[in-house]
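Work through these exercises with the structure open. Try each task before you read its solution.

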Amino acid sequence: MVDVILPVLDEVQALPRVLAGLPLGLRPIVVDNGSSDGSASVARSFGAYVVTEPRQGFGWACLAGLHAATADVVAFMDADASFRGEDLLAVVAPVIDGRADLVLGARVAEPGAWPVHARLANRVLATGLRRWSGLPMSDLGPMRA
């Protein structure tokens, strides 16, 4: 079993697709970070474990999900339907197999998919971590295990 933490802020439109797309063996933990659109109710209707985190911010939501997780392997994925749940299997496999302690998924963004400041910040941070760790890294992708 793998716990998948899905930080959520008003993702009611995407949640059905995201939750239905998670493969068997992945337990969704949806962390509602102040949604006003009924995201938590939708998540519960799909069988997700829902945690409420009143402190605003992605980091607080991730931490609350981590505290709620009970599986040996924990994954994180954005809940905006920008990823396919089955792709998470390739991210968690090296951790489950003991070949890695941490795996970050890498995105290849199409031109115009990200604002310039986000693309630049991601590149600078990935480059710094690559230099510091000596590990191949091209993205600080929001899909990780």
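**Exercise 1.** Which residues does L19 touch, not counting residues up to four places away in sequence?

*Solution.* Keep in mind that this is a predicted model.
- Step 1. Set aside the residues up to four places away from L19 in sequence.
- Step 2. List what remains: L19 touches L6, P28, V30, A43, F46 and A48.

**Exercise 2.** Find out which members of the largest nonpolar core touch the most other members.

*Solution.* 
- Step 1. The largest nonpolar core has 29 residues.
- Step 2. V4, L6, L15, L19, V30, M77 and L88 touch the most other members.
- Step 3. Now see which elements give two or more residues to this core: strand 1 (2-8), helix 1 (15-20), strand 2 (26-32), helix 2 (39-45), strand 4 (73-76) and helix 4 (88-96).
- Step 4. There is also a second, separate core of 11 residues. Among them are I5, A64, A69 and F76.

**Exercise 3.** Place A43 in the fold and decide: is A43 buried or exposed?

*Solution.* 
- Step 1. A43 sits in helix 2.
- Step 2. The relative accessible area of A43 is 0%. Buried means under 20%, so A43 is buried.
- Step 3. Leave out residues up to four places away in sequence, and A43 touches L15, L19, V30, A48 and V50.
- Step 4. Check a distance. P28 and A43 are 15 residues apart along the chain, and their C-alpha atoms are separated by 8.9 Å.

**Exercise 4.** Locate E53 and classify this residue as buried or exposed.

*Solution.* 
- Step 1. E53 lies in the loop between strand 3 (49-52) and helix 3.
- Step 2. E53 has 6% relative accessibility, so this residue counts as buried.
- Step 3. Leave aside neighbours within four places in sequence. E53 is then in contact with V31, D32, N33, G34, W60, A61 and A64.

**Exercise 5.** Which residues make a nonpolar surface patch of about 260 Å²?

*Solution.* 
- Step 1. The patch is made by W60, L63 and L66.
- Step 2. Take L63, which is in helix 3 (residues 58-68).
- Step 3. L63 has a relative accessible area of 34%.

**Exercise 6.** Which element of the protein has the lowest mean pLDDT, and which the highest?

*Solution.* 
- Step 1. Go element by element. Helix 5 (residues 116-133) has the lowest mean pLDDT, 75. Strand 3 has the highest, 97.

Terms used
Residues numbered from 1 in each chain as written. Predicted model: local features only at pLDDT ≥ 70, side-chain atom pairs only at ≥ 80, totals over all residues. Heavy atoms only, no water. Patch = residues over 30% accessible without salt bridge, like charges linked within 9 Å, V, L, I, M, F, W, Y side chains within 5 Å. Areas by Shrake-Rupley, 256 points an atom, 1.4 Å probe, with all protein chains shown as cover. Salt bridge = Lys/Arg side-chain N within 4 Å of Asp/Glu carboxyl O. Helix = DSSP H or I, 4+ residues; strand = E, 2+ residues; numbered from the N terminus. Buried < 20%, exposed > 50% of the residue type's maximum accessible area, 1.4 Å probe, protein only. Core = buried A, V, L, I, M, F, W, Y, C linked by side-chain atoms within 4.5 Å. Contact = heavy atoms within 4.5 Å. pLDDT = per-residue confidence, 0-100.
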